[in-house]
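Dear colleague,

Here is the structure I promised to pass on to you, and below it I have written out what was found in it. Please keep it open beside this email while you read.

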Amino acid sequence: MTDLLTDAEFEMFRKVIYDKSGITFSATNRSILDSRLKEKLREKGLGTIKEYYDLIMSDEGEMKTMLDSVTTNLTRFFRNQPHFDALINYVIPHVIEEKKKSGDTKIKIWSAGCSTGEEPYTIAMILKEILPAPYTFQITASDISLKSLMVGQQGFYADSRVQGVPPNFLSKYFTKNEKGYQINSDLIQTIKFDYHNLRNDSGMRNLDIVFCRNVLIYFDEAAQKACIDRFWDAMGNKSYLFIGHSESLFGMDTKFEFLKTDWACLYQKNI
């Protein structure tokens with residue numbers, strides 16, 4: 001077994017990862033792919049990269065495991081606070097105004113690329129605090145990493161992972177034990193954790209709010225466009241899309257409108 005992927009092996013895996021997930025590996029992050037795949041070979045007791053490639057191509061479960069292993073799951077509670085300020089002060093009041101017109105009282109939210117669950121739990125805590133009766137909410141939290149989804153579903157975080165959670169939220173929505181913090185079951189029940197590959201249609205429709213932050217940066221332009229179009233299909237009128245602060249739809253042929261609030265920039269489906 002060589003120390004590094006050959007150019008042909010790199011291209012082979014780069015293509016299958018892109019085809020299956022939309023995630024793009026370039027020369028700059030080739031070393032990440034190399035180290036993750038070598039780890040897989042050791043784990044499976046295989047001698048060559050080709051053997052592992054043949055395995056993932058014949059075993060859908062192993063394909064999902066491989067995609068899980070090459071994704072980066074960097075997240076934290078209340079990450080990029082201005083987005084949540086915009087959610088509280090602008091988005092939710094406007095969503096409620098629209099709901100009043102139809103008599104619908106449930107706000108539907110998708111946290112796409114939710115990683116280990118910090119983002120959807122942050123949204124859930126905020127909505128528990130600010131939503132007036134009779135409004136309720138349901139959050140769907142999805143990711144391509146089954147391992148991350150299991151962490152989110154369990155809702156248990158080490159002390160170091162809850163940095164940034166306001167003390168009043170920590171005492172209200174978490175239970176402390178000797179190993180860390182467990183999110184209370186009533187909050188867990190507001191979130192449905194679900195495996196989803198953004199390469200595919202989610203099947204969801206009439207969503208009010210979509211968060212997909214720091215995910216598009218791993219896609220090339222074509223995969224970004226396809227993903228954004230699928231978000232459009234999943235969202236209802238007068239709905240809102242949050243993407244990462246370093247991401248933008250500028251220059252993309254999309255129907256979303258750019259929206260600059262006093263707190264943060266986001267996008268709206270307005271038809």
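The face of H7 that is turned away from its buried side carries Lys147, Met150 and Gln154, which are exposed. Please keep in mind that this is a predicted model.

Which residues of H7 are buried? In this helix, which covers residues 146-154, they are Ser148, Leu149 and Gly152. When one looks down the axis of H7, these buried residues fall within an arc of 100°, and they therefore line one face of the helix. Just after H7 comes Gly155, which takes a positive phi of about 70°.

**Two pairs of packed helices**

Two packed helices are described by the angle between their axes and the distance between the axes.

On the side of H5 the contact is made by Phe84, Leu87, Ile88 and Ile92, while H6 contributes Thr122, Ile123, Ile126, Leu127 and Ile130. Sorted by class, the contact of H5 with H6 has 8 nonpolar residues and 1 polar residue, with no charged residues.

The other pair is made up of helix H2 (residues 30-44) and helix H3 (residues 49-58), which pack at an angle of about 80° with their axes 10 Å apart. That angle makes H2 roughly perpendicular to H3. Here Leu37, Lys38, Lys40, Leu41 and Lys44 in H2 meet Ile49, Tyr52 and Leu55 in H3. By class, the contact of H2 with H3 has 5 nonpolar and 3 charged residues, and no polar ones.

**Backbone details in the loops**

Most residues other than glycine have a negative phi, and most peptide bonds are trans.

Ser115, in the loop between strand E1 (106-112) and H6, is a residue other than glycine with a positive phi, near 55°. Is Ser115 buried or exposed? Its relative accessible area is 4%, so Ser115 is buried.

Asn206 also has a positive phi, of about 60°, although it is not a glycine, and it lies in the loop between E6 and strand E7 (207-212). At 53% relative accessibility, Asn206 counts as exposed, because the cut-off for that word is over 50%.

Gly203 is found in the loop between E6 and E7, and with a relative accessible area of 54% Gly203 is exposed. The C-alpha atoms of Gly203 and Ala234 are separated by 7.2 Å, and these two residues are 31 residues apart along the chain.

Note on methods:
Residues numbered from 1 in each chain as written. Predicted model: local features only at pLDDT ≥ 70, side-chain atom pairs only at ≥ 80, totals over all residues. Heavy atoms only, no water. Buried < 20%, exposed > 50% of the residue type's maximum accessible area, 1.4 Å probe, protein only. Helix = DSSP H or I, 4+ residues; strand = E, 2+ residues; numbered from the N terminus. Arc of directions from axis to C-beta. Contact = heavy atoms within 4.5 Å. Nonpolar A, V, L, I, M, F, W, Y, C, P; charged D, E, K, R; others polar. Axes fitted to C-alpha atoms, helices over the stretch in contact; angles between N-to-C directions. Parallel < 35°, antiparallel > 145°, perpendicular 65-115°, else oblique.
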